[in-house]
Amino acid sequence: MDIHDIRAQFPILSETIHGKHPLVYLDNAATSQTPKRVVEAIEHAYFTQKANVHRGVHCLSQKATAAMEKGRSAVREFIGAPSEAEVIFTRGTTEALNLVAASYGELLSPGDLVVITQMEHHSNIVPWQLLRDRRGIRIKVVPVLDDGTLDMDVYRRLLEESPRLVSVTQISNVLGTVNPIREMAAMAHDAGAVFVCDGAQGVAHGPVDVLDLDVDFYAFSAHKMYGPTGIGALYGKRELLEKMPPYQGGGEMIGHVSFDHGTTWADLPYKFEAGTPDFVGAAAIVEAIGFMQSTGIEAMKAHEEDLLNYATERMKEAIPDIHIYGTAPHKASLISFLIPGVHHYDTGVLLDQLGIAVRTGHHCTQPLMERFGIEGTVRASFAAYNTRREIDAFISALIRVNSMLR
Ligand code: 7TS
């Protein structure tokens, strides 16, 4: 992996912050930066083939449609889905999870059990709570242990209660914990439950194969994997998608509409894609996947692991009593931490003054914050283009923050 070559593809990485500090972008778990080839694909789509998809006889519409469907094929291949019919474009992970909760949720009955975990992002909690309010399902939660791993004993016990559905994040956006998704999905299936995986953090940090994981649904966002914002996808097993009612109604998702003879649905995946889709974003996903594949997904993972280990060691050296949340043996490249006695927000603001972009707050995981008895953390999250030199700059800045605020 040639880091100079990679960085050259991201013009923003050469920007300065507050007019003087080189940008050190460590907020990749929120959104990654975008390589030129993705932005060029967006420009190309707007300048040369902007026409509404699927409904045009004219050349531009056909080009736009072909580009969007090429995006779908690229996604299918990228996540190892068997068929394009099983890849539904959504606005992102949030919409994908809402789709499952709203639509698969229609197949659940009052009293049915849904199991989630204490480390879920709000987008994998609230849709199930909305479903509970609407349909009277029950929700039970797998707790998080002190090191940030899931309490698998409780998971096993909850499965004995025959849940209908289990929904778990592949990687915690706060703790970095990489959950044993394949094992958890197999256990859920043995118990007769459908398994949903929130891949928002997982998809950018290692190869994904939905067949190997044997998940029933997999949700992710393109903007966290070097792609455009506003688009993501839901993979779902065909036999489940076939049974599910549409999520939204509108153009493109119908077979035939009639006031007198009933309305029928389009085939998969269009049944779940009402309205004009983000066909430009769908076309540009091809380039985000291309970037990841040409860089090498395993090489990126190894590089990020090196950054994680280096940053963790250097942080502990620099501030021995720093508190790191999430120390699971399998951990993705992010570190949530607090300097004792210093508010996470103050740390974030001062780091920003020194050119370091980190995220502070509850990271849309308030139940997890409650579990650890805190309001929020500072989170540094790494991507393929980050370097050890940037980690050094981050640590120097952290040392300054520590000496100023304590
Ligand atoms: N699930 C997880 C695990 C996430 O980390 C996020 C976004 C989402 C779902 C929602 O994704 P979206 O693209 O639909 O918004 N996480 C974060 C974060 O950690 N900081 O900002 C967004």
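**Entry 1**

I take strands here as DSSP runs of at least two residues and helices as DSSP runs of at least four, both numbered from the N terminus. The model I am reading is a predicted one. With that in hand I looked up His18, which I find in the loop between strand S1 (16-17) and strand S2 (21-22). I noted its backbone because His18 has a positive phi of about 55° although it is not a glycine, and most residues other than glycine have a negative phi.

**Entry 1: Pro269**

Staying with the backbone, I went on to the peptide bond from Leu268 to Pro269 and found that it is cis, with omega near 0°. I record this because most peptide bonds are trans. As for its place in the fold, Pro269 belongs to the loop that runs between strand S12 (264-265) and helix H10 (279-295).

**Entry 2: the two domains**

Next I looked up how the protein is divided, and the domain assignment gives domain 1 as 3-30 + 297-405 and domain 2 as 39-293. The C-alpha centres of domain 1 and domain 2 are 28 Å apart. I then counted the touching residues, and 36 residues of domain 1 are in contact with 31 residues of domain 2. The area buried between the two domains is about 2,700 Å², and carbon and sulfur atoms give 61% of it. Which three residues supply more than any others of the area that domain 1 buries against domain 2? I find that they are Ile297, Leu368 and Arg371, which together supply 23% of that area.

Across the interface of domain 1 and domain 2 I have one salt bridge by the rule. Asp146 and Arg371 meet through their side chains in a salt bridge, at 2.7 Å from N to O. On the side of domain 1 that touches domain 2, the elements giving two or more residues are helix H11 (297-318), strand S14 (334-338) and helix H13 (366-372). Of these, H13 gives the most, with six residues. Sorting the residues of that side by type, I get 20 nonpolar, 10 polar and six charged.

**Entry 3: Thr149**

I looked up Thr149 in the loop between strand S6 (138-142) and helix H6 (152-159). Setting aside neighbours within four places in sequence, I list its contacts as Pro143, Val144, Thr177, Ala328 and Pro329. The side chain of Thr149 also makes a polar contact, at 2.6 Å, with the side chain of Asp147. For a sense of distance I compared Thr149 with Ala102, and the two are 47 residues apart in sequence and 29 Å apart in space, C-alpha to C-alpha.

**Entry 4: around the ligand**

Last, I looked up the ligand: which of the 16 residues around it come nearest? They are Thr94, Asp198, Ser221, His223 and Arg379. For Ser221, an N or O atom of the side chain is 2.6 Å from an oxygen atom of the ligand, and for Arg379 a polar side-chain atom lies 2.6 Å from a ligand oxygen. I also noted Asn173, where an N or O atom in the side chain is 2.9 Å from an oxygen atom of the ligand.

Key: Residues numbered from 1 in each chain as written. Predicted model: local features only at pLDDT ≥ 70, side-chain atom pairs only at ≥ 80, totals over all residues. Heavy atoms only, no water. Domains from an automatic or database assignment. Contact = heavy atoms within 4.5 Å. Buried area = accessible area lost by both parts, 1.4 Å probe. Salt bridge = Lys/Arg side-chain N within 4 Å of Asp/Glu carboxyl O. Nonpolar A, V, L, I, M, F, W, Y, C, P; charged D, E, K, R; others polar. Polar contact = N/O pair within 3.5 Å; in protein donor to acceptor, adjacent residues only side chain to side chain. Near = heavy atom within 4 Å.
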